[in-house]
Amino acid sequence: MTTNISEALNICRENGTIADTYVPEIYSRQTYKRTYQANFHPVLSENFWRDVPYNLTFYPPNMNKERGRKQGARFQGEMDYRNPDSLPRYGRYRMLGHNRKNCNNPGSSNV
């Protein structure tokens with residue numbers, strides 16, 4: 001793969017091809033010239049602007065970032081909701097009302 005334009009042009013010359021055949025027309029020199037051939041007129045100063053019947057007040061955007069971890073954007077499914085009547089179970093022993101904090105078994109890791 002070529003790294004710059006001059007190398008690409010040299011390869012095209014060696015092969016006897018024209019580089020413009022590989023470039024889409026939107027990026028061609030003719031399209032570029034047609035785009036910028038029109039005259040651009042400068043914007044007049046504010047003294048020449050017309051008055052408008054509404055207020056043009058622009059406030060800066062709110063740049064305050066919220067603290068903490070960003071809320072996830074995942075949709076919750078039916079498996080994400082727990083029955084409010086059921087008690088929590090510790091994942092290791094599956095005992096009701098038992099969790100990692102209040103585990104009394106000797107082999108468990110208290111955090």
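1. The largest pocket holds about 220 Å³ of space. A pocket here is an open set of points on a 1 Å grid over the protein atoms alone, where a 1.4 Å probe fits, with protein on both sides within 12 Å along at least five of seven lines. Its volume is the space filled by probe spheres set on the points, which are joined across faces, edges and corners.

2. A word on the basis. This is a predicted model, in which local features need pLDDT of at least 70 and side-chain atom pairs count only at pLDDT 80 or more, while totals for chains, interfaces and linings use all residues. Residues are numbered from 1 along each chain as its sequence is written, and side-chain values use heavy atoms, with hydrogens and water left out.

3. Which residues line the largest pocket? They are Leu9, Ala19, Asp20, Val23, Pro24, Glu25, Tyr27, Ser28, Arg29 and Gln30. Lining residues have an atom within 4 Å of a point. By class, 5 are nonpolar, 2 polar and 3 charged. Asp, Glu, Lys and Arg count as charged; Ala, Val, Leu, Ile, Met, Phe, Trp, Tyr, Cys and Pro as nonpolar; the others, Gly among them, as polar.

4. The protein has 2 helices and 0 strands. The radius of gyration is 34 Å, well over the 13 Å that the globule rule gives for 111 residues, so the protein is more spread out than a compact globule. That radius is taken over C-alpha atoms, and the rule is 2.2 Å times the number of residues to the power 0.38. Helices (H or I, at least four residues) and strands (E, at least two) are DSSP runs, numbered from the N terminus.

5. The C-alpha trace spans about 80 × 65 × 30 Å along its principal axes. Buried residues (under 20% relative accessible area) make up 6% of the 111 residues. Contact means heavy atoms within 4.5 Å. Among contacts between residues at least 6 apart in sequence, 0% join residues at least 24 apart.

6. Glu46 sits in the segment after helix H2 (29–35). Is Glu46 buried or exposed? Glu46 is exposed (over 50%, with a 1.4 Å probe and protein chains only), at a relative accessible area of 60%. Its C-alpha atom is 72 Å from that of Asn102, 56 residues away along the chain.

7. Met63 also belongs to the segment after H2. Met63 is exposed, at 65% relative accessible area.
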